[in-house]
Amino acid sequence: MSPDKARLHFAEYRKGTLDARTAGEIRLLLQSNSELMAEYEMDGRIEALVGLKRYELPAEGSLDTFAAEFHRRRRYAEASAESVLLRFRDKLHDYVLSPTTSLLRTAAGAAALALIVGLSLFHSASNHGSTRSESAWAAAARPHHADDIAAVNASVVLANNDVETASYVLPRINGDAGPNVHGFSQFEF
Amino acid sequence: MAGEKDKERPEQDPPDSLFIEQTLAGDDSAFDRLIERYKNRLYSVIYHIVNHHEDAYDLTQEAFLRAYKSLKSYQGKANFYTWLYRIAVNHALNFKKRRKDALSISLNEFDQNIEKDRAFKELVVNEKASKTLLLSELQEKLNDSLDKLSEEHRAVVVLHDVEGLPHGEIAKIVGCSEGTVRSRLHYAHLQLKSLLANYLKQK
């Protein structure tokens, strides 16, 4: 084995995950080549140093309401997708039924409308889960989970404080500033 | 469907496949179990790629959302965690590519167990500096150095050196051969050698 090839296997050699033959070849190379041995040791130090990043922790409590937030975002995404399709369908419907529209355009519009209706049906059918039986907008608009309610209550309390403090503290309480930053908060209140 | 990660859990923990089937049958609380099981690890890997709290949180949410939407297409060929990792890493890498110019870093707290780590004692501890200063300097230097790597090299370094995944699993996650993973890891280490030179000197 060449030193170049051996270098590519340093990490696996260190972990002992190489087959016996390859590991043996690398061991012989390292014993006979002090420069390569120094490179091998340096490679190990780099791996160990970078590995210290695993001790980094997310801010305390930031992932506590993660699942509740996930479902809120999911409902919002489903409601948005449904809304876009519905609006487009209504516009097409109006266009097709307009008395000023030519026959050819009417036919094209009708085909597009059929496609949209089909997509809407497909979208509804593909939404697995509890939101199937109720309006997705209604589902998105109200908190469903105890954690949702707690998060909303926390937001209301913080909203009464000054803006600077609230915007700093919110991520730690809600677990994230994302939805507020991206305008999701309009559905919470 | 139950892969290596399933084996790591205690016997009484149900396999991922059960929760996947229940989710597909309409039980959202089953997906919550998958979220609880993997949210910390997924957040961790995304955070180490993007280096920002709020971005990591949003990207983790979005990764789970993508997984939820495409759960039907999951065929169980790879274990669920590898599949989820793949979605998350690709999403984080695309985010990094889009936001290349807008570099911002927010730092996490360190777990106190770092003080017991041999690498920390050998490579970082300096009797003259305070622990807090050492940790913040280390974090800044590590994040800064990793940020200088290309997205592809950084992903391999994070998955291997930080997350401790084997080459085979990394190859499946990033969608390349094991040879490419070896090569990327080697060249990333060469680059990090000069970037982290102050910490790598023999003490």
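The area buried between chain B and chain A in this predicted model is about 4,900 Å², with carbon and sulfur atoms giving 65% of it, where buried area is the accessible area (1.4 Å probe) that the two parts lose on being put together, summed over both. The contact (heavy atoms within 4.5 Å) takes 48 residues from chain A and 59 residues from chain B.

Three salt bridges, each a side-chain nitrogen of Lys or Arg within 4 Å of a carboxyl oxygen of Asp or Glu, are found across the interface of chain B and chain A; one of them joins the side chains of Arg73(A) and Asp58(B), with an N to O distance of 2.7 Å. The side of chain B that touches chain A comprises 26 nonpolar, 19 polar and 14 charged residues, with Ala, Val, Leu, Ile, Met, Phe, Trp, Tyr, Cys and Pro counted as nonpolar, Asp, Glu, Lys and Arg as charged, and the others, Gly among them, as polar.

Chain A contains ten helices and one strand, taken as DSSP runs (H or I, at least four residues, for helices; E, at least two, for strands), and its elements follow the order α-α-α-α-β-α-α-α-α-α-α from the N terminus. Of the 189 residues in chain A, 42% are buried, that is, under 20% relative accessible area (1.4 Å probe, protein chains only).

Residues are numbered from 1 along each chain as its sequence is written, and chains are lettered from A and ligands numbered from 1 in the order in which they are written. Local features need pLDDT of at least 70 and side-chain atom pairs count only at pLDDT 80 or more, whereas totals for chains, interfaces and linings use all residues, and side-chain values use heavy atoms, with hydrogens and water left out.

Notes: Buried < 20%, exposed > 50% of the residue type's maximum accessible area, 1.4 Å probe, protein only.
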